[in-house]
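Q: I'm new to this one and would like a close look at a single part. Could you walk me through the place where the ligand sits, and what surrounds that place?

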Amino acid sequence: MDSSNLLSITTFIYGLAAFFYIFSFVFKKPFAGRLGTWTSLAGVSGNIAGIILRWVESYRLGIGHAPLSNLYESLVFFSLVIMVIYLVIERSYSNRIIGAFTTPIAFLSMAYASLSPNISDRIQPLVPALKSNWLIAHVISCFIGYAAFAIAFGLSIMLLLKQKDEKNENPFLKVFPDFKILDELSHQMIMFGFLFLSAGIITGAVWANSAWGRYWGWDPKETWSLITWFVYATLLHARFTRGWQGKRLAYLSIIGFSAVLFTYFGVNLLPGLHSYGQ
Amino acid sequence: MKNNKVSSNPVDGLWKFFASVKLTVMLLLTLAVTSIIGTVIPQNENPAAYIHEYGQFLYRIFKLLNIFDMYHSWWFQFLIFFLTINIVVCSIERLSATWKTVFTKTPSFDIVRFKNSFKEEFFDNHSPEELKSGFLPVVSKSFGYARIEETEKGFVIFAEKGRWTRFGVYGVHLSVILLLIGGLIGSFFGFEGSVNIPEGESVKSIILRNTGKEEPLDFEIQCVDFSVSFYESGTPKEYRSKLIILENGKPVIQKEIIVNDPLRYRGINIFQSSYGNVRPEKVDLNFTNRETGMIYRKNAAIGEEIDLPEAQGKFVIREYTSSFNFRGHNLGEAFLGILTPPNGDPAELVIPINYPSFDKMRKDDLIISVESSKRRYYTGLQVTKDPGVPLVYAGFILMILGCLVAFFTSHQKICVEVVKKGGKSRVMVAGIANKNKMGMQARTQRISKLLSEKAGILKG
Ligand code: HEM
């Protein structure tokens, strides 16, 4: 079995985990939630094994490099980080409803990587500019940041739903964590994401400076990562102004994640030079 | 007095305007939205392309708003300038209060605030006097500052830690300022250009990227040697140039550079960025007689007409190309020439360097091929200078450290109040923090538990 097969199986397992969490939420069956946890753990193991195997395979091909060099590989890593962060949250808050809103993102990302005809899962040799440890640091930080924002996105959707139900009557929303907890948790995810996005932009700038002698060139991918950064910086400050609480922050978080998605997928549709990720 | 106040009002008003976080929110959002424009409309292309794309009318409007170089436009710079003033004013406004909080000798504690926040309570059979000596070490063990105050019916312990973490946010804001100053320095005192150097040759100037003008250097760059290696698939694996820096004709430094590993000399960075084939000026040609196998050699310069052997006519090499396409195959480097027979029409010939028998297809008496064209590369170098980089990198480090402090540390205060109730004591433990309130709750619970355990093992 090669890494692509293993990662395809992982995709399937993540789909199953997402299904269990959603089933457990909709039909109020706690055992399905527990199944979700175990399935997620299996998926995470498969995901990690797939990444390691891919690393080994690249060395066997004589073009050894860390498996973080193209869109396929970064999506696989992105899914892994989402699942790991989610499982940590599940453990510390003992609440599996959040899984229904976050694990589907990991599944969709893996499914897109495995199934999209535009994304090659071949292990490709690195062109000279991509041979840099800064690049590895850049990809890792960016995708940890994006994963945290993805989870904040799921939490923001929950926040918006929860807020509609002020009297706490809706039986579906009753099982949600408290509004306060959702708010605090999504804020924590955003701070975590902001730190890693900043680190990602910084390591990217250092890499560009070591490869081309300039740390910033306003190319569309760079600019979009800065736009994302502006949106989340807005969000962090909006918390300190009255009238920008709850709902508006949740909307900003959703806009922020849309900017992440655009930085990730949309930019390739724009005119530009960022060779990486195409 | 009153007059005075009125006259200072506009300044006050302006100060308030720039100190507000609302302005920050607006500015950051505006920056986010306007930045999109430059990613949708390609920047710095030539006017003809824009007119073709958008038409005269839109072109004029865009041009007026500097949309084609928007990140350097007056209005974008203006937004950034506003943000800078905003950060500076906001920081000054808050710094003195933060400074006092952090550097005070005797921090103030407001017992009412503690009572209104998260608290735990328990009763113990000991009297406050008995508990006092046991409780203080428990609290001061996990808080840097602790003091005890006597009250009418018992005592209160106040403790806190992490005062300095209030500076984290200032670190982040200062880092933004450093980045902006660093960027400004770079754009005023730096440059960015490129130069191609054929193997064995040297240059004393480069071509600037933005203006296309020549920029003289204080020294000479010589390319001693260039090599490129390929993967099996044919994509380049590594480019490598051996460079020597010459000052007044004397070598001072030598280094082999590859992509991602530049040569730095006197504040100027020299990066490997591309390569290509040098257009040869002269070439050794072989003329082989198809029947006798006799080979004639001739050296020809490009554009120079030569007589063919055996009085077969005249031949001139018109052009060199680094890649010649023949029926969908790339034959690589080739010369294009024109052969004029003694009595006949001139014919165009292709002589690929790597395929000496290609000309056999012409079925002429003489087969023309290239004897040895020693392949010569040029190395493509990016040459930049940016004295702002150290400041920018300092900003990078400060931003990460500042974020770590601002997000994940907090200023925590705890208050333990012990009041005599009959022969027993009522203990209240309350904690407040400027951030991560839920984390502080857990911490307060933990301290409360430790204290009740401590009370449990006290004798008496
Ligand atoms: C690109 C520019 C800026 C960045 C990257 C930035 C970053 C940050 C960060 C990371 C925080 C911490 C947020 C938190 O703890 O949740 C913060 C807090 C804050 N920022 Fe900014 N900021 C910027 C501009 C500004 C400006 C222009 C102002 C001026 C009003 C400002 C005022 C504040 C205030 C008042 C706080 C809260 C401080 C506190 O916790 O007491 N920021 N900023």
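This is a predicted model: local features need pLDDT of at least 70, side-chain atom pairs count only at pLDDT 80 or more; totals for chains, interfaces and linings use all residues.

A: Start with the helices around the ligand. On the chain A side there is helix H8 (220-238), and on the chain B side there are helix H2 (21-35), helix H5 (74-103), helix H8 (168-189) and helix H9 (389-408); each of these supplies at least two residues of the shell. H5(B) gives the largest share, with five residues.

So whose site is it? Residues from chains A and B surround the ligand, so the site is shared between chains.

Now zoom in on the shell itself. There are 21 residues around the ligand, and the ones that come nearest are His237(A), Thr24(B), Ile87(B), Cys90(B) and His173(B). Two of those names are worth a second look. His237(A) has a polar side-chain atom 2.7 Å from a nitrogen atom of the ligand. From chain B, His173(B) has a side-chain N or O atom that lies 2.7 Å from a nitrogen atom of the ligand. Sorted by class, the shell holds 14 nonpolar residues, six polar ones and one charged one.

Since the site is shared between chains, let's step back to how chains A and B meet. Chain A puts 48 residues into the contact and chain B puts in 51. Together the two chains bury about 4,100 Å², and 72% of that is on carbon and sulfur atoms.

What about specific pairs across the interface? The rule finds one salt bridge there. Its partners are Glu192(B) and Arg214(A), whose side chains meet at 3.4 Å, N to O. There are also five residue pairs in polar contact across the interface of chain A and chain B, both residues at pLDDT 80 or more.

H7(A) gives the most, with 17 residues. By class, this side of chain A has 35 nonpolar, 10 polar and three charged residues.

Note on methods: Residues are numbered from 1 along each chain as its sequence is written. Chains are lettered from A and ligands numbered from 1 in the order in which they are written. Side-chain values use heavy atoms; hydrogens and water are left out. A residue is near a molecule or strand if one of its heavy atoms lies within 4 Å of it. A polar contact is a pair of N or O atoms within 3.5 Å; within protein, one must be able to donate a hydrogen and the other to accept it, and residues adjacent in sequence count only if both atoms are side-chain atoms. Helices (H or I, at least four residues) and strands (E, at least two) are DSSP runs, numbered from the N terminus. Ala, Val, Leu, Ile, Met, Phe, Trp, Tyr, Cys and Pro count as nonpolar, Asp, Glu, Lys and Arg as charged, and the others, Gly among them, as polar. Contact means heavy atoms within 4.5 Å. Buried area is the accessible area (1.4 Å probe) that two parts lose on being put together, summed over both. A salt bridge is a side-chain nitrogen of Lys or Arg within 4 Å of a carboxyl oxygen of Asp or Glu.
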